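Please look over the sequence and the model shown below. The paragraphs after them go through the chain by parts.

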Amino acid sequence: MQNIKCVIFDMDGVMFDTERLASQIWLEILAKYHLEPKKEFLDGIKGRNIADSKLIFDSIYGNEINFLELKELRNNMLETTLRTQGVPIKKGLVECLSFLKSNKKLLAVASSSSKQMILDNLNDTNLTSYFDLIVSGENFKQSKPNPEIFLKVATYFSLKPNECLVIEDSKAGVEAALNAGMQIIWIPDLVRFQVSNKVIELNDLLEVIDVFRS
């Protein structure tokens, strides 16, 4: 990790324990519309932008129900819960950010969530000041596993892809980092899957500190 100059964090499932809450809300919405919960939908949309999520939804449930309306409902319910109950922070996040910052690493958030959701979560947890750049999926036509969102970060800092490390939990995110030619740490959250031997698998963000120290 000696050559790493920038560490890029996904948000949901990596920094904040929000994937479980989001999945529960989706189950409530699907039940409301009398739709059977399908693993290929609930797992498939993780790490994806709205456009790709809509394609996945329509391929499973058809397009008679407007997915964009459901997504807006989900966002509103999630936002309300996070703002009233607080944002659950993943184990080791603050320690990891403090360690990386003290070691002069550039830090970025690259998430498929909206820019406003990212800012709200960072502000509510007092973590905004750690990050040098925030990039959301709204800025890109292509969703993860397309590497565009990660390459944008490297370009912004005038870095080579292999000088960047991505920390991800979703299959789409891991594939995007590999497609970008970046180093990748995978911290599984709700869904496990087969990964390349190029991927470093860890249990939590505290172990990221150990990787940099080793």
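**A walk through the chain**

Not counting residues up to four places away in sequence, T125 touches F16, V87 and I89, where contact means heavy atoms within 4.5 Å. T125 belongs to the loop between α6 (115–124) and β3. Its relative accessibility is 12%, so T125 counts as buried; buried stands for under 20% relative accessible area, exposed for over 50%, and partly exposed for what lies in between, with a 1.4 Å probe and protein chains only. A polar atom of the T125 side chain also lies 2.7 Å from the backbone oxygen of N121.

This is a predicted model, in which local features need pLDDT of at least 70 and side-chain atom pairs count only at pLDDT 80 or more, while totals for chains, interfaces and linings use all residues. Residues are numbered from 1 along each chain as its sequence is written, and side-chain values use heavy atoms, with hydrogens and water left out.

Next comes the chain as a whole. It has 9 helices and 6 strands; these are DSSP runs numbered from the N terminus, helices being H or I of at least four residues and strands E of at least two. The radius of gyration of the chain is 17 Å, close to the 17 Å that the globule rule gives for 214 residues, so the chain is as compact as a globular protein of that length. That radius is taken over C-alpha atoms, and the rule is 2.2 Å times the number of residues to the power 0.38. The C-alpha trace spans about 50 × 35 × 30 Å along its principal axes.

Of the 214 residues, 51% count as buried. Among contacts in the chain with a separation of 6 or more, 65% are accounted for by residues 24 or more positions apart. The accessible surface comes to about 10,400 Å², and 48% of it belongs to carbon and sulfur atoms. Accessible areas come from the Shrake-Rupley method with a 1.4 Å probe, and for residues only the protein chains shown count as cover. The chain has 25 positive and 29 negative charges, whose mean positions are 5 Å apart. Here Lys and Arg count as positive and Asp and Glu as negative, with His and the chain ends not counted; a charge is placed at NZ of Lys, CZ of Arg, CG of Asp or CD of Glu.

Which residues does L165 contact beyond its neighbours within four places in sequence? They are M1, I4, C6, V7, I8, Q183, I184, I185 and F212. L165 is found in strand β4, and with a relative accessible area of 0% it is buried. L42 is 123 residues from L165 along the chain, and the C-alpha atoms of the two are separated by 27 Å.

Helix α8 covers residues 171–179, and in it A172, G173, V174, A176 and A177 are buried. What covers these buried residues includes α7, β4 (164–168) and β5 (183–186). Just after α8, G181 takes a positive phi of about 75°.

Two further buried residues can be taken together. I45 is placed in the loop between α2 and α3 and is buried, with a relative accessible area of 11%. Leaving aside neighbours within four places in sequence, I45 is in contact with W26, S53 and I56. From I45 to Y130 there are 85 residues in sequence and 28 Å in space, C-alpha to C-alpha. D58 lies in helix α3 (residues 50–61), and because its relative accessibility is 18%, D58 counts as buried. The side chains of D58 and K54 are joined by a polar contact of 2.7 Å, meaning a pair of N or O atoms within 3.5 Å; within protein, one must be able to donate a hydrogen and the other to accept it, and residues adjacent in sequence count only if both atoms are side-chain atoms. Leaving aside neighbours within four places, D58 is in contact with N63 and F67.

The remaining points concern the backbone in loops. H34, in the loop between α1 (19–32) and α2 (39–42), has a phi near 55°, a positive value in a residue other than glycine. At 74% relative accessibility, H34 counts as exposed. K104 is in the loop between α5 (93–102) and β2 (106–111); its phi is near 65°, a positive value in a residue other than glycine. K104 counts as exposed, at 73% relative accessibility. K144 and P145 are joined by a cis peptide bond with omega about 20°, and P145 is found in the loop between β3 (133–136) and α7 (148–156).
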